[in-house]
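Student: I would like to learn how to read the packing of helices in a model, and then how to look at a single residue within it. Could you take me through an example?

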Amino acid sequence: LEVLQLAKQPDWSVQAPSDSVSPKQTQELTSAASSRSNMHGIGEASIDAHLVNEVEQELEDEEDEEEERKRQRAAAKKEQSELSNTLSRKSKISKNSKKSFWKPVWIINSPLFELGYAMCIMLHAVLMAAELQYRAMDVGYKVSYPHFTQTSHQAYPALEHVFNISEWIFGVLFLIEAILKLMALRWKYFRELWNCFDCILCVFWIADRALENMPFDTSMLRLLRLARLIRLVKLARTVQGFDALAVMTTSLHGSIHALIWVAVLLVLVQMTFALLLSQVLFFYIEDESQPVEDRRDVFEYFGNFTRAMLSMFEITLGNWPPVARLLQEKVSPWLVVFSIGHKIIFGFACLAVINGVFMQETFKVAQQDDQIMLRTVETKKNAHRRKMKMFFQHANEDEDNILSIDEWKDVLSEEKVKHWFAAQGLSISDPDLLWKILDTSGDRQLDLEELIQGTARLQGFAKSLDLAILNMEQKTLQTQTEEIMQNVALIRQQTAMLLRNNYDRTCEQTLRA
């Protein structure tokens with residue numbers, strides 16, 4: 001815009017003649033200025049149009065770039081959201097379905113890949129358990145434990161080679177997994193903590209196999225591989241067959257918040273009782289008139305704060321009769337009132353309430369999990385499709401994959417079929433009315449898809465959303481009816497006025513005649 005304004009300004013490059021300029025020079029300057037002004041006037045329209053086009057094009061380019069940046073930011077924000085990650089777990093495989101050798105994303109996103117390496121992790125854990133059992137034979141032989149009369153090499157001489165070969169096989173398999181993920185994800189591979197952990201384990205395994213003498217014990221590294229078993233939890237949330245395991249792991253994760261407050265409550269209550277009993281029993285422990293053995297037994301359970309806390313947790317959660325009988329037999333028979341009262345009030349009633357609240361909060365968090373909700377809806381949908389398909393096969397006697405109205409009435413005449421539909425959440429009182437609702441195409445025939453979709457819409461009780469939609473449609477119809485009534489009244493008034501005017505005009509013409 002500034003360029004346009006400058007272009008429209010007059011040419012000030014030719015200065016006015018001063019007193020020191022000769023008449024000839026003044027005439028030359030005047031003629032040059034007039035010629036330049038004529039050229040400026042001739043090309044002003046073309047210059048303005050060209051500049052306007054350039055400025056408009058630049059503004060359009062800037063707007064397009066800004067819109068593109070906004071779309072990119074919105075797409076990145078949507079991809080980073082938790083709900084997007086939950087909903088896109090199954091769609092990642094289809095997005096990366098293009099097979100490439102140098103970027104095998106289609107391999108690592110395959111459920112078979114995850115399932116296969118989950119089996120490898122489990123078999124590797126079994127191998128480590130067998131190897132530990134094998135090494136324990138040498139330890140038992142060294143400490144002269146009963147029935148350990150020979151070393152592991154003497155009992156099973158070939159197992160050492162089997163363990164060595166198996167370690168090589170599993171190590172190579174896990175190394176291939178890390179390489180495939182690194183090729184597919186590139187620098188994104190190191191964003192996930194488990195990938196970094198697997199990479200470190202692979203590096204240590206290569207160093208263990210390449211170097212003969214490591215500066216530390218490599219057996220601890222093998223124990224770290226057991227942490228790979230936690231990957232089964234992640235697998236349980238992605239594989240459809242592990243629904244029960246996914247619910248349990250999600251419930252455990254959701255119980256952390258409730259567990260903290262349960263632990264705080266238990267510690268505070270047990271601390272109160274531990275301090276109370278320790279202070280009371282100190283008089284008995286310090287009483288030199290009592291037998292030393294009895295005082296030592298009481299000190300073993302309530303001699304200091306830590307012993308008293310352990311004893312109180314044992315009374316509440318574990319084997320309470322030994323502690324109760326010790327207090328009754330050694331200290332005083334009246335302490336049985338405390339033991340039984342504590343067990344009934346806190347050990348039974350309070351713990352039952354705590355367990356109930358803990359389970360309620362845990363399952364509440366588990367039911368609000370997005371992945372579990374998606375699986376629940378999908379499971380119900382598949383179950384409904386399977387049951388409607390079974391009903392369709394039962395009702396379709398001629399096997400033409402079309403359900404006629406006669407077949408519909410015939411099968412619904414059975415009371416067991418009506419009860420079966422009622423168990424599905426669809427109570428049938430009028431088969432003809434239900435047929436009209438299900439037959440959306442109006443061809444007096446039902447195929448399998450119409451039956452599945454129609455019964456799915458009618459299942460269950462009316463929800464608040466359904467009532468709200470019905471109320472909104474009723475208000476809309478009421479508003480439209482009122483408008484129609486107003487228009488009818490207006491038309492009636494206008495018609496009456498026309499008739500009145502026509503009558504008056506006719507009377508006037510008659511009078512004139």
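Tutor: Please keep in mind that this is a predicted model. Let us begin with helix α21 (residues 431-438) and helix α22 (residues 448-458), which pack at an angle of about 110°, their axes lying 9 Å apart.

Student: How is α21 oriented relative to α22, roughly parallel or roughly perpendicular?

Tutor: Angles of 65 to 115 degrees count as roughly perpendicular, and therefore α21 is roughly perpendicular to α22. The crossing in which α21 passes α22 is right-handed.

Student: Which residues make the contact of α21 with α22?

Tutor: From α21 come Leu434, Ile437 and Leu438, while α22 supplies Glu450, Leu451, Gly454, Thr455, Arg457 and Leu458.

Student: Is Glu450 buried or exposed?

Tutor: Buried means under 20% relative accessible area, and because Glu450 has a relative accessible area of 17%, Glu450 is buried. Leaving aside residues up to four places away in sequence, Glu450 touches Leu438, Asp439, Thr440, Ser441 and Gln445.

Student: How should I read the buried residues of a helix such as α13?

Tutor: An α-helix has 3.6 residues a turn, so residues three or four places apart point the same way. In α13 (residues 256-285), the buried residues include Ala258, Val262, Leu266, Val269 and Gln270, and what covers the buried residues of α13 includes α14 (292-302), α15 (305-317), α16 (321-331) and α17 (335-367). With its 30 residues, α13 reaches 41 Å from its first C-alpha to its last, close to the 44 Å expected at 1.5 Å a residue.

Technical notes:
Residues numbered from 1 in each chain as written. Predicted model: local features only at pLDDT ≥ 70, side-chain atom pairs only at ≥ 80, totals over all residues. Heavy atoms only, no water. Helix = DSSP H or I, 4+ residues; strand = E, 2+ residues; numbered from the N terminus. Expected span 1.5 Å × (residues − 1). Buried < 20%, exposed > 50% of the residue type's maximum accessible area, 1.4 Å probe, protein only. Contact = heavy atoms within 4.5 Å. Axes fitted to C-alpha atoms, helices over the stretch in contact; angles between N-to-C directions. Parallel < 35°, antiparallel > 145°, perpendicular 65-115°, else oblique. Left-handed = near helix turned anticlockwise from the far one by under 90°.
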